[in-house]
Amino acid sequence: MKPIKCSLMFLVAIAGLLTSTACTPHLPPTAVPGPDFPYALMMQESDLPPGWERDGGSFPDVPGDAVAYGVGFRYTSGEFGKITSHKVAIYPDLQAAIDAYPQWESQWFNPHWLPVRDTTFHVGDASDDMRFEYLDVKINGVPVRSYRYLQRHCNAIVLVLMNVDNASITFHQFEE
């Protein structure tokens, strides 16, 4: 199997790559990301194992006053639930991102989600807000572990969603 070029660490490090010494990319507040948005840092089809294809991009509504872009992928088998998505939202400043983060948490997590403990991934910046959790579910009778990763780094918030079934992608590949 082809190794994944894009790792979870890469995806969540996007916020770090966006920054300069001031830590904040300053994008003009607009309804949709403009040419200054770092589209090239979004997950690509080539970042996933064979069998995955892009399933669209969007300008999602996100909490607070942010410029955001999201991209989704599906496994080409056509089986329901074999999906992944990646969203990046850039807020006008650090405080706006800090204020919005709890809204992201309440939208994407509830008490049923459990913290991922068996991971080698660690956030590079201890001041970041971060949650990495999973929920075991069955989709069409197939056991799937659904992962959600949310991180606020400076004025950027990154969300990665992934359903892992060990056939289309494994946790090791996701985390790699």
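1. Val-137 has Val-144 of strand 6 opposite it. Strands here are DSSP runs of E of at least two residues, helices runs of H or I of at least four, both numbered from the N terminus. Strand 5 (residues 129-139) and strand 6 (residues 142-153) run antiparallel and are joined by 11 bridges; two strands count as paired if DSSP finds at least two bridges between them. The two strands form a hairpin with two residues between them, and Asn-140 in the turn has a positive phi of about 55°.

2. On provenance: this is a predicted model, in which local features need pLDDT of at least 70 and side-chain atom pairs count only at pLDDT 80 or more, while totals for chains, interfaces and linings use all residues. Residues are numbered from 1 along each chain as its sequence is written, and side-chain values use heavy atoms, with hydrogens and water left out.

3. The sheet is open and has seven strands in the order 1-2-3-7-6-5-4, with antiparallel pairing. Strand 1 (52-58) and strand 4 (114-115) are its edge strands, each pairing on one side only. Helix 2 (residues 94-108) packs on the sheet and touches strand 3 (83-90), strand 5, strand 6 and strand 7 (156-164); contact means heavy atoms within 4.5 Å. The direction of helix 2 makes about 165° with that of strand 6. Such angles run from 0 to 180 degrees between N-to-C directions, with axes as lines fitted to C-alpha atoms, for helices over the stretch in contact.

4. Pro-115 has Glu-133 in strand 5 as its bridge partner. Glu-133 also stands opposite Arg-148 in strand 6.

5. The structure holds five aromatic pairs. Rings of Phe, Tyr and Trp (its six-membered ring) pair if their centres lie within 6.5 Å; planes under 30 degrees apart count as stacked, over 60 as edge-to-face and the rest as tilted. One of the pairs, Phe-109 with Trp-113, is edge-to-face, at 6.4 Å centre to centre and 80° between the planes. Phe-109 is buried at 7% relative accessible area, and Trp-113 is buried at 8%. Buried means under 20% relative accessible area, exposed over 50% and partly exposed in between (1.4 Å probe, protein chains only).

6. Phe-132 and Tyr-147 have ring centres 5.9 Å apart and planes at 40°, so this pair is tilted. The pair links distant parts of the chain, with Phe-132 in strand 5 and Tyr-147 in strand 6, 15 residues apart. Phe-132 is buried at 7%, and Tyr-147 is buried at 4%. Both belong to one aromatic cluster together with Tyr-134 and Tyr-149.

7. The charged end of Arg-131 sits over the ring of Phe-109, 4.3 Å from its centre. The criterion is NZ of Lys or CZ of Arg within 6 Å of the ring centre and within 35 degrees of the ring normal.

8. His-153 is in strand 6 and counts as buried at 11% relative accessibility. Its side chain makes a polar contact of 2.9 Å with that of Asp-128. A polar contact is a pair of N or O atoms within 3.5 Å; within protein, one must be able to donate a hydrogen and the other to accept it, and residues adjacent in sequence count only if both atoms are side-chain atoms.

9. Gly-72 lies in strand 2 (residues 67-75) and is buried at 14%. Not counting residues up to four places away in sequence, Gly-72 touches Glu-53, Arg-54, Asp-55, Gly-56, Thr-84 and Ser-85.
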